[in-house]
Amino acid sequence: MAMDAQKVKSSAIDFACYVALLTKSRLTGVFLENLLSEEIRELASTSSNSSQINSIEERNESTEENIRFFREACEKRGVQPNIHRKRGIPEDEMIEESRFADMIIVDTETSFKKKIESAPSGFVKELLEKAECPVLISPESFEGIDEIVFTYNGSGSSVLAIKQFTYLFPHFHNKKITLLEVNRENEIAIRSKPKISEWLRVHYESINFKVLNGIADEELFKYFLDRKNLLLVMGAYGRGVLSSLLKPSRATLILIATNFPIFITHH
Amino acid sequence: MKKILFVCDGDNFPKGAVDFIKMINENEPVHVKALFFAPVDFQQMIPVSYIPVAEPYVRLKESEKKLVHKSMELFTSLCEANNIKYQVNGNDEVDKDLLIKESRFADALVISEELFCSDYMSYQPNVYMKEVLHGAECPVVVVPEVFARPDRIVAAYDGRKESMIALKQFCYLFPQLTELPAEFVYIKNDEGEDVPDQGLLKEYVTDHFNSSGIAKLHFDSNKYFTAWAEKKKNILLVAGSYGRSAVSDLFHSSFAEQVIHEHKMPVFIAHHG
């Protein structure tokens, strides 16, 4: 789980603990501090030495407070916590961690910039593009999962995302599954449907098919807006048809207007 | 449940592959999709118009059909005897594109180290096997015909992301095998003792394997790996990066190829994840 050491969100920890319990995993809290940019910033500022030391000490204290909070929150829920404190460039630190992790859980607003960024932040976008394991974006509030929506466009990477999700969450085999086919205009619906449904049937019990044509914003929103308790799975971030789902404008709207976890892979 | 692809060309029936599937099925039921192909033969590459009489060609086709039929029967009887869920598909000659497409919609592909398309060339890995290893969109398990149940896992680690991708895929697909003792070897012929990112690797493997060790082997992997591994008996090798980019060139002389060639142990290869 990737966190800004200064700003820890308890709703995100709640969700991460739910996932850790479900998958019987240890939860590693990666507390990212980005001291490098801070130093540069502070060198440039005109503040005196003593106040600099103070602010560094303050930050250190609040980081330690957040680590304590995380550890307690995990233990209360019966999750085994693990702490990594990282002081380098957050993006690089997280990508190194991702090589040795099964999944990263992150809040869309996690940001290390001074100015306020719209979700998903630059940090989250970079993570989505470069992480070497799937990324699960935590929702603002979470009540449970009743339905899993797989976005599918026939490509290898959309199948890979579905497979990765299935391997990481084998417990969802009896949930309602929807294969949401996202087509460009007038394309033939459900390419290789027999094959993907053959695979899905081996892994899941209840499968529905749904086609959206032309990825019109309106249609997409109609589909997602009134939904609750679902989990969205998508592949190929930054490439192909599905990436347009995550184009800044559209993604922001989806992420703000909707409130469900999103599982993304890009290999 | 996992969906596993089984491939047989002509009468090159991969007995070792069936044994491997049997072992997996004991812990977690699998669904096997078996693809049967006509034998690879050169006769068919000659355009039909070159053959003045059709009869020899027709006869050849008939005998090929019989071979494939025999393999199919053997497969279904083995599956039924061992309580393995299966479906059978008959096809023409081995078609790489079809195989790759099927692999996209499967969890693993199991083939024979010795027999895969060996009518074409018995020196393994032959062209067909290499193409499948490069193109497959799911992990491939290459199993020798004399298959002994592994009692130890050895994973080749090189510090690059490909070796971790293979390791993760292995853990997801065959969680039951993570109960075996596992050894993670970093092979580099130099003086140092350092294993890249050892701390992070250790964290990952202690979370996923019951008992594990990380070791650095100071030798030329191409020359000595199989000799080293043979002493351990009954191991299953996990290797990454049968890749497509720069890594694939490296693999040309890689030790995984050597291991497959010597038919001594099953090899799990994955390059996606």
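Predicted model: local features only at pLDDT ≥ 70, side-chain atom pairs only at ≥ 80, totals over all residues.
**Before you click.** Local features here need pLDDT of at least 70 and side-chain atom pairs count only at pLDDT 80 or more, while totals for chains, interfaces and linings use all residues. Residues are numbered from 1 along each chain as its sequence is written, and chains are lettered from A and ligands numbered from 1 in the order in which they are written.

**Select chain B.** You'll find nine helices and 10 strands (DSSP runs, H or I of at least four residues for helices, E of at least two for strands, numbered from the N terminus). Of its 273 residues, 45% count as buried (20 or more other C-beta atoms within 10 Å of the residue's own; 12 or fewer is exposed, in between is partly exposed, with C-beta atoms placed from the backbone).

Now colour by pLDDT, the predictor's confidence in each residue from 0 to 100. Chain B has a mean of 82, and 86% of its residues reach 70 or more. Go to residues 243-253 of chain B: pLDDT stays under 50 there.

**Select the interface.** Here 19 residues of chain B are in contact with 16 residues of chain A (C-beta atoms, placed from the backbone, within 7 Å). On the chain B side, show helix H5 (161-173) and helix H6 (198-208), the elements that give two or more residues. H6(B) brings the largest share, five residues.

**Zoom in on B:Lys161.** This residue sits in helix H5 of chain B. Leaving aside neighbours within four places in sequence, B:Lys161 is in contact with A:Arg99 and A:Glu132. B:Lys161 is partly exposed, because 19 other C-beta atoms lie within 10 Å.

**Cross to chain A.** Pick out the open sheet of three strands, ordered E1-E2-E3 with parallel pairing (strands pair if DSSP finds at least two bridges between them). Strand E1 (2-4) and strand E3 (81-86) stand at the edges with a single partner strand each, so one side of each has no neighbour in the sheet. Strand E2 (residues 27-32) is joined to E3(A) by six bridges; to see where they face each other, show A:Thr28, which stands opposite A:Asn82 in E3(A).

Last stop: helix H4 (residues 90-99) of chain A, which packs on the sheet and touches E1, E2 and E3 of chain A.

Conventions. Contact = placed C-beta atoms within 7 Å. Axes fitted to C-alpha atoms, helices over the stretch in contact; angles between N-to-C directions.
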